[in-house]
Amino acid sequence: MKDEKLNHLQTFSAFQEEPTWMSQLRLNMAEKAQNLPFPTIEKVNFHRWPLMDEKIDTEYGEELINSQQHQYAQGDNGKIVQYGKVTLFEQLPQELVEQGVIFTDIFTAMKEHPELVEKHFMTQAVKADENNLTAYHAAYMNSGVFLYVPKNVHISEPLESLFIQNSHVNETFAKHVLIVADVNSSVTYVEKLQTEGSEANTANVVVEVITKTGAQVKFSAVDHLGEKTSAYINRRGHLAKDSSIEWAIGVMNNGNVICDFDSDLMGDGSHSEIKAVAISTGRQIQGIDTRVTNYGNHSIGHILQHGVILDRSTLTFNGIGHIIKGAKGADAQQESRVLMLSEQARGDANPILLIDENEVTAGHAASVGRVDPEEMFYLLSRGIQEEEAERLVIRGFLGTVIAAIPLKEIRDELVDVIDKKLTASR
């Protein structure tokens with residue numbers, strides 16, 4: 001069985017015409033994955049979830065894919081749409097191509113820009129052998145995108161990726177996003193994850209954002225994976241001197257999910273703002289680890305997490321701020337708040353500060369509570385029905401992250417997803 005799995009990996013790698021280093025990485029990590037520990041997500045018991053489906057194939061189901069291509073060929077902004085492991089649609093304005101911007105699927109990037117990809121793929125932000133789920137990802141990654149913004153290039157319009165999990169087929173949804181913003185560049189990137197179909201499946205998504213000196217990245221995401229999808233989502237930034245990443249993430253999945261949202265502030269003056277909102281409904285379990293590690297002097301890392309839990313669901317926020325010895329003048333702040341709308345739900349907001357330096361600023365706030373009765377009374381006294389009043393309170397509670405998403409249609413979609421999850425739980 002072991003040899004058969006390795007043969008499947010080799011076949012897939014050959015089919016994608018991968019460079020030798022990637023093919024070898026797959027085989028090495030497939031060997032290591034079973035012996036490495038799980039990632040640490042405090043207060044979430046996820047170790048028996050089906051997170052390591054080793055199905056990988058070269059079959060595509062072309063007739064189903066071709067029937068969907070037409071609906072995405074609209075607009076003139078940079079956009080990539082992937083259905084399962086297949087790229088349905090890809091475009092980049094000619095002016096960006098002429099400036100040297102690269103925005104393409106991960107396998108094309110490996111063939112056409114091998115040195116760029118090899119230098120950054122799971123070598124700086126997320127290491128392949130960190131834990132069993134990152135090793136599994138390196139071995140079974142079957143789709144993704146690569147974005148490179150050259151030095152001094154500033155992209156004014158957001159670039160978009162839509163990733164659709166095809167649960168009609170029995171294979172893992174192993175997606176890799178690699179973003180490299182070179183010196184003094186800037187870009188806004190928007191990402192959507194969603195599931196088509198209702199079959200049980202696995203998702204493993206790794207996003208690496210690497211900002212060189214002075215680069216600026218705004219990253220927004222709406223995650224809406226299916227009820228029968230067990231998922232591991234790892235998004236991490238690796239920040240050089242005076243660079244910044246602004247994260248705005250809506251965790252709206254319907255199944256069991258663990259998330260790692262991390263920023264490593266390597267350079268002096270680097271800056272990361274992480275804003276995340278989540279809603280848990282039904283019996284689902286969502287565990288979200290959000291970490292900022294200050295290595296650089298005068299680096300700034302702020303975390304804001306707001307979540308809503310309904311029915312019998314569970315939502316856990318772990319906020320970790322770590323200031324490394326020598327990071328003088330560093331600033332680490334965090335706020336995690338959970339709003340409970342059911343007595344049978346469970347919520348945790350766990351702030352963790354690890355301070356190894358004296359000349360720093362650090363603080364945290366955490367709370368788990370119910371809807372403010374005074375807010376509800378005010379709205380009800382104005383003639384608003386209770387269900388609508390509750391929805392308005394929740395929107396206000398989550399509004400900080402919603403407002404941070406740059407595209408109006410994505411903001412509207414996030415609001416729509418929130419309303420649908422609330423309505424479904426009633």
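Student: What makes the ten strands an open sheet, and in what order do they stand?

Tutor: In this predicted model, the order is β2-β1-β5-β7-β9-β11-β13-β15-β17-β19, with mixed pairing. The edges are β2 (86–91) and β19 (361–370); each has a single partner strand, so one side of each lacks a neighbour in the sheet. From one strand to the next the twist averages 5°.

Student: How do you know that β11 and β13 pair?

Tutor: Two strands count as paired if there are at least two bridges between them. Strand β11 (residues 244–251) and strand β13 (residues 271–280) have eight bridges, in the parallel sense. Within this pair, glycine 250 stands opposite valine 277 of β13.

Student: Which strands does helix α9 lie across?

Tutor: Helix α9 (residues 386–404) lies across β9 (216–224), β11, β13, β15 (300–309) and β17 (331–340), and runs at about 140° to β15. Helix α10 (residues 408–424) also packs on the sheet, where it touches β7 (186–196), β9, β11 and β13. The direction of α10 makes about 35° with that of β7.

Student: Why is the pair of phenylalanine 12 and phenylalanine 107 called edge-to-face?

Tutor: Ring centres must lie within 6.5 Å for a pair, and planes over 60 degrees apart count as edge-to-face. Here the centres are 6.0 Å apart and the planes stand at 70°, so the pair is edge-to-face. Phenylalanine 12 belongs to helix α1 (residues 2–15) and phenylalanine 107 to helix α5 (residues 106–112), so the pair ties together parts 95 residues apart in sequence.

Student: Why are phenylalanine 12 and phenylalanine 107 called buried?

Tutor: Buried means under 20% relative accessible area. Phenylalanine 12 has 1% and phenylalanine 107 has 6%, so both count as buried.

Student: What makes phenylalanine 46 and tryptophan 49 an aromatic pair?

Tutor: The limit is 6.5 Å between centres, and theirs are 6.2 Å apart. With 70° between the planes, this pair is edge-to-face. Phenylalanine 46, at 0% relative accessibility, is buried, and tryptophan 49, at 12%, is buried as well.

Student: Which residues touch the most other members of the largest nonpolar core?

Tutor: Leu147, Tyr189 and Phe219 do, in a core of 51 residues. Leaving out residues up to four places away in sequence, leucine 147 touches Val101, Ile102, Phe103, Leu159, Leu178, Ile179, Val180, Val187 and Tyr189.

Student: Which residues form one aromatic cluster?

Tutor: Phe103, Tyr189, Phe219 and Trp247 form it.

Notes:
Residues are numbered from 1 along each chain as its sequence is written. This is a predicted model: local features need pLDDT of at least 70, side-chain atom pairs count only at pLDDT 80 or more; totals for chains, interfaces and linings use all residues. Side-chain values use heavy atoms; hydrogens and water are left out. A nonpolar core is a set of buried Ala, Val, Leu, Ile, Met, Phe, Trp, Tyr and Cys residues joined through side-chain atoms within 4.5 Å. Buried means under 20% relative accessible area, exposed over 50%, partly exposed in between (1.4 Å probe, protein chains only). Contact means heavy atoms within 4.5 Å. Helices (H or I, at least four residues) and strands (E, at least two) are DSSP runs, numbered from the N terminus. Axes are lines fitted to C-alpha atoms, for helices over the stretch in contact, and angles run from 0 to 180 degrees between N-to-C directions. Rings of Phe, Tyr and Trp (its six-membered ring) pair if their centres lie within 6.5 Å; planes under 30 degrees apart count as stacked, over 60 as edge-to-face and the rest as tilted.
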